[in-house]
Structures are given as C-alpha cells and as structure tokens.
Protein chains: 2
Amino acid sequence: MATINQNFLNLKESYLFSDIAKRVSAYQEAHPEAEIIRLGIGDVTRPLAPAIAEEMARASLEMAKAETFKGYGPEQGYGFLKRAILEHDFAARGVSLSEDEIFVSDGAKSDCGNFGDILGADNVVAITEPAYPVYIDTNLMAGRQVKFIECRAENGFLPEVPDFKADILYLCSPNNPTGAVLSKEQLRAFVDYANANGTLLIFDSAYEQFISDGALPHSIYEVEGAKRCAVEIRSFSKTAGFTGIRCGYTVVPHELTARDAAGNEVPLNRLWNRRQTTRFNGASYISQRGAAAYYTPEGRAQCRENVAYYMENAKLIARTVRGLGIPAIGGDNAPYIWMQCPDGLDSWSFFDLLLERAQVVGTPGVGFGAAGEGWFRLTAFGTQEHTARAMERFTNLFGK
Amino acid sequence: MATINQNFLNLKESYLFSDIAKRVSAYQEAHPEAEIIRLGIGDVTRPLAPAIAEEMARASLEMAKAETFKGYGPEQGYGFLKRAILEHDFAARGVSLSEDEIFVSDGAKSDCGNFGDILGADNVVAITEPAYPVYIDTNLMAGRQVKFIECRAENGFLPEVPDFKADILYLCSPNNPTGAVLSKEQLRAFVDYANANGTLLIFDSAYEQFISDGALPHSIYEVEGAKRCAVEIRSFSKTAGFTGIRCGYTVVPHELTARDAAGNEVPLNRLWNRRQTTRFNGASYISQRGAAAYYTPEGRAQCRENVAYYMENAKLIARTVRGLGIPAIGGDNAPYIWMQCPDGLDSWSFFDLLLERAQVVGTPGVGFGAAGEGWFRLTAFGTQEHTARAMERFTNLFGK
C-alpha cells in the first residue's frame, strides 16, 4: 500500500486560523444576535484600488480577443511586472537586481513553503518565535529539525542572532505577529552571522509598505553582503489588497549558493528556476496585470491611502490598549499590535474571554509558538468603524 | 552551509519545453525571415470565451467596491465553483462526490507535483511512458524510485497493467502525448489492479473534454471501486483556454487512504487538506469566477465551439500525416497526434529537420521518455490557418 509522508503526523491536526474560525462559528451559532468584530486573521477589508481593478477588468476582456489573448506565460513571471518590481521596490532604495533574480508567484504563503523543496531535509532550521505558523509547519512536513530563537518582551520581541549554528534561518520584519521591526544594524548582525556560518536567510518582508520610519530598511538587500546569504519574499496581499487575487514574488540572487553532498556550491537561483518551471505554471496573467497596475502613480497613490487607513486603526488600537495600562508593541511600522493578555491569562483563555465578553476576535499568541503564550495579536485590517467599536468594547471591559 | 535537495542533481538540466524554446529561438535568430509555425508546446490559441472573460471583468470590478470585495477565500476553493464542478463534471456522468472532496487549485501542473508532498519518499512509482515530464521530474525531486510502463506502437500506445507492484501509478487519458484513450474496461483493469495491490492511482483527465466517442469514460470514478484507490486531476487549461488564467482541481475521495509507518490507514483527503491549507492560499477569486462561468450554458457552448475548432485541426493533421503513409495515432478523442518519425529518424533529428525544412515546430517523442524515441507529437491547438499551412508544408516535404 502507498505510504504517507510520515512527517505530517508531527503536525498539529489543524492550522491555527482554522481553529479560530471553528470557535468563532460555534459562538456565533450559540449567539445568533451577537455582532462579532474580527481583528483576528490578517485579512484586508478595504476594496481594491480602482486603478488595479480596472486594469484587471481590461486584462480579462483582452483575453477574449484573438490578437491580445495570452496563453502560458513565463513561469517566472512577465517582464512587465518584474521590471516594475525592480524599479520601485529595489532600485528606488539603491538595490540593484536583475530580472532573472525575480520569481513571481501566486503568493508569499506558497513561496514560503515551496522554497524548502530545493533544500535538503538535513538542514537545521532556526525560526524566530513567535512566528507565522507556515514557517514551522512546512519545515516539519519536510522532516527538518526546527530550533527556535525566542523573542522576549524585555527586548521588544526583537530577535537576536542565535547562539547555535543554523543552516536556514527565517526572519520576518516588520514582524507578523509582533509588529516589531529590525533596524538596519540589527539586520546587519543577521547577515554577518549568515555569511560567517553559511546560513541561508529567508527574509519575509510582506509588510514593508507599513514602515513609516524612514530609517528602517524595507529590503534585506539594503544590507551589504545580503545577496550572498538571503532570499527575500514579498507579497501584494496587504500592500495592495491582493489576499483574494493571489500574487507575490521571491528574490533569489545569483550569488546565493548551497552545497550538494559532494561539497560543491550550487546556485539556488538555478535550482529554484528548475523547481518553478517543473511544479508551477506562472501566476495568473490577470493577477500579474493587477500587480503591475499597483506600481503606476495612480495605483501607488490609491494603495498608500489604504495603508494609511489601516495605520489609523493601528494607532487607535495601540493607543487604546496602552491607555488601559496593557503592555503592547507594534502598530507604528506594522499593521499588527501585540498585546499582553491582562490578568495573567493565557492566550486561549483571553481569546475566549474577549469573544464572550466583547464579541471581538483576535489571535492567541501561543498560536505563533510557545514564546507567544500570554500574548495576543490584534490586526489593523478591519474597517475604521469596526475597529473603533472594538476599542470601545475594550475600554468598557478593561477600563477601571 | 545549507544543503540542497540532492535529488535535484538527478534531473536533466532543463525542462523539455525550455529546450525546444531555445532551439526555436536560435533558428529564428539565424533566419529572421522564416515564418515558424508552432505545433509544439500544448498551448491554446483561441481567445477566451466571451462569457468567461466578461465574468472575470465583472469580478475584477466587484473587488473595487467595499460591499463586494473578497479577501482570502477558502484554500479549497469557493462553493460556487465546487458545486458547478460536482453537477456538470460528475453528477451528469453518474458520479456522486461531495464538496469537500474537491480541491480547487491554480492548475493541474501544480497539483500533479504537489500531491506527492503528502506521500512517502519510499513509494515505488509507476509511470506510463511516454509521459508528461512533470510526473517523472516531480517524483525524482522527491527521491522516489520511478519504474516505467512502456507503451508500444503495436498496442496503440495504450498502457497495460504492470507486472510489478507499484505503490503509486500515474495514468493520463486522453493521453498526453500520444492521444490514446483508455476504454472503461481498460480503466477497470487498472482500478482492479490498484485495489488488489494497495496502489494509489493518480488519474490525469485534463483532456476529457476532447473525447467525442460516447462510450469512453471521462472520469475514473465512472469505474466501480475507483474512489478507494484514485485521485483525479482536472484542468481548465485546454477545455476553457485557461493556460494563462490558472485554475484546475483535484478530487480526493474520503474513502482513499494510504498507510503510515505503524501500518494505520490515513485518509488522504485529510492530509491533502492540511497540505493545501498550509502551503497554498487558494486560487485567484477572479480565476474561480471565470471557471464557474465556464459551467454556464453560454460558457459551455462557447468552449465547446473552441474544442470543435481544435478538433478540426486534429482531424486535418491526422488525415494529412496518415495520407503520407506515416503511422500515427490520436486526434480522434484527443488534441494530440502522435506520429512516427519518417525514415527511421530519431525524435530530435526529426525535430531539427522539420524546423529547418518546413519551419514547423513539434515535440520530440523522446522528450516524453525513452519509449517515445522515434516518435513525435503534434498539437491541434494552433490556428486553423497555421495548421493548414503546416500540413501543406508536410505534404511538400514528405509527399512523393
């Protein structure tokens, strides 16, 4: 009989956000009248920028004409999108990359897991904790040993270079779930560590558009030497409201290598290209046209407005929570507020209390790993109306 | 230093269709005046059905309004699409499946490779040969032992049940590249073999819409017992012109199991759901709306016209090639014609000869495995004008 990938049995039965969804719908069923406000899963609520939606509508209709129909596109993404990415996301910040170092995909979540396909099962993986569960689960699925770099409240939940040797290390800045952001100097410490130890850094900068502090880096390649040790994963999901449209990209510099069993250095760009051309057929043409429209002056202006809208929420949440005397970080350069659960509650108890007493849904910190126990994530992606109402309920519940 | 997935070194350097593209562009560069006709890669050329394009344009604009904006969808696909699939692709053929047995994805190519993620590396894989290269390459990437079921000219290139025990077995009918189609009885032999040996069948029916013979099965679930041993992978690429839109789906019946190391049977539906929710974020909402529009009366009528258009090409190619005394199969219930290379030429020599002497691009049979050596694939997906011109050139070149 065919065998399963045994590593799947090392996973928890279900994914964090499915657990939350189940508890919320059970509550809603028992209390049909309850008006639940969701500040849990990091899904956006603002409609798509008109410049992007209109461009996708145009691209859709273009497909119905023989002269402009598009079949298979390049698995790595269309040049029109890759050139816009190079110019706006990198050249504008002094980073020079070439078109064939950019791989457009159906989203950062896919890339996060898929990149492991080209890496050995024997690598020791370091993951900063609390962390986006996909980093951990996809490595457990591949049978890799995972070690954690615990981030602590006393250090603002910023990760430090590990005191052990990691072959692969995940970094997310601005961080999901904590909202903490690495400075250029802090990022440099990781790049130096990686180059000294032969570590592959997987840098997730899905939230870079939420940075308002001009001194903070948006790309790891702003740090000297990063092209020799890091891939960078980007997303249009939060920046441009693409959670349902599906588009992201991964940068794999030509300089970046890993070793084969004989000790030879193999360029990861070549391996990733082989993986993508074999197991993927490119992102939807329409999604790619939409992503390209994000880089037009209108697209960027409209998306910046949405980011500003969410950051108003972030500031309101941070101000309210802190005003209630509850320790919290994030919300300045990230759409997440990471708050301590009041009264020493554990994360799931606080989740239940908040759902039952305030009908507000957040994400239990322990869902992002043991180091998140006793903490809780709130997202800024709700509507301003709902967010304001949720904060009123917070004040009623926790105000003295 | 991080290590690579060593199995990648067992792959040929590049993917078949990249090789072809390179030779063609080298030829075009040397002969800028040459009018090359491409009957090689299986990409469609007919524009999208207006009903589908218009629905995707509508869905795009819907995303720009707060009331109708859609964020993350279910990773398994939207109910509106799954219900249309169940009704038209299965219930209409007497097959009863439930919504949670359907997993919508960004395409059949992704599913073909990804499904292996939930299976052990110790499985022995049987692949009918010649075959779509993705079956072989993705299993080599996972480090699995691959054995071939050679299909031979004397048997019309139809595969037979293997005389060895396979844990996983790939079947593609109508076949890419040969155009051969398994009858219900022939399919039943594989289902019986699979249930007797605990073999998991991966049934690729991407081309089922090209079947014109009413007696031939479209789904493996038309055969009794198939739900206990088979997953089925479907594509909108050729049926509805979605090669650039990206949508497909995989059926994983609840009855289907594989065993863990302790010998327990684990439902593959549960494992695949865990894989998809962790490593995938759903297909684009717009692509799913487009796929659902395919199932409307207008969408189906328009797509059927496109299929009929391509099948005119298939008939012309088959008639021309056979009229020249060249042995060929396919083209009746499949968009591929599989012809023997004339004069005992090997596949790549014939590829070069055809490119140089007739400026026609096809696919060398050996690119689909050793059993394809001396054979050649032509696709019906060109325009009728180009296909007719290509056949004139064939007649000039090979006519006595």
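Okay, let's start with two helices in chain B: α2 (residues 50-62) and α9 (residues 297-323) pack at an angle of about 130°, with their axes 7 Å apart. That makes α2(B) oblique to α9(B), because angles under 35 degrees count as roughly parallel, over 145 as roughly antiparallel, 65 to 115 as roughly perpendicular and the rest as oblique. The axes are lines fitted to C-alpha atoms, for helices over the stretch in contact, and the angles run from 0 to 180 degrees between N-to-C directions. As for the residues involved, B:Pro50, B:Ala51 and B:Ile52 of α2(B) meet B:Glu298, B:Gly299, B:Gln302 and B:Cys303 of α9(B), where contact means heavy atoms within 4.5 Å. Helices (H or I, at least four residues) and strands (E, at least two) are DSSP runs, numbered from the N terminus.

Some housekeeping before I go on. This is a predicted model, where local features need pLDDT of at least 70 and side-chain atom pairs count only at pLDDT 80 or more, while totals for chains, interfaces and linings use all residues. Residues are numbered from 1 along each chain as its sequence is written, chains are lettered from A and ligands numbered from 1 in the order in which they are written, and side-chain values use heavy atoms, with hydrogens and water left out.

In chain B, seven strands make an open sheet with mixed pairing, in the order β2-β8-β7-β6-β5-β3-β4. At the edges sit β2 (102-105) and β4 (145-150) of chain B, each pairing on one side only. From one strand to the next, the twist averages 20°. Two strands pair if DSSP finds at least two bridges between them. For β7 (residues 230-235) and β8 (residues 248-251) of chain B, the pairing is antiparallel over four bridges, and B:Ser235 stands opposite B:Gly248 in β8(B).

Which way do the side chains of β2 (residues 102-105) of chain A point? A:Ile102 and A:Val104 go one way, A:Phe103 and A:Ser105 the other way, and all are buried. Buried means under 20% relative accessible area, exposed over 50%, and partly exposed in between (1.4 Å probe, protein chains only).

Rings of Phe, Tyr and Trp (its six-membered ring) pair if their centres lie within 6.5 Å; planes under 30 degrees apart count as stacked, over 60 as edge-to-face and the rest as tilted. By that rule the count comes to 54 aromatic pairs over all chains. Take A:Phe236 and A:Phe242: the ring centres are 5.8 Å apart and the planes sit at 45°, so the pair is tilted. A:Phe236 is buried at 3% relative accessible area, and A:Phe242 is buried at 0%. A:Phe236 and A:Tyr249 are tilted too, with centres 6.1 Å apart and planes at 50°. A:Phe236 lies in the loop between β7 (230-235) and β8 (248-251) of chain A and A:Tyr249 in strand β8, so this pair ties together parts that are 13 residues apart in sequence. A:Tyr249 itself counts as buried, at 1% relative accessibility. These residues belong to one aromatic cluster: A:Phe90, A:Tyr221, A:Phe236, A:Phe242, A:Tyr249, A:Tyr294 and A:Tyr295.

B:Arg46 lies over the face of B:Tyr309 at 3.9 Å from the ring centre, and B:Arg289 over the face of B:Phe80 at 3.7 Å.

Last topic, the backbone. Most residues other than glycine have a negative phi, and most peptide bonds are trans. So where are the cis bonds here? One runs from A:Glu129 to A:Pro130, with omega near 5°, and A:Pro130 is in the loop between β3 (124-129) and α5 (133-141) of chain A. Another joins B:Asn176 and B:Pro177, with omega about 20°.

Then positive phi. A:Phe157 has phi near 60° and counts as buried, at 3% relative accessibility. A:Asp343 has phi near 55°, but A:Asp343 is exposed, with a relative accessible area of 74%.

Terms used. A charge sits over a ring if NZ of Lys or CZ of Arg is within 6 Å of the ring centre and within 35 degrees of the ring normal.
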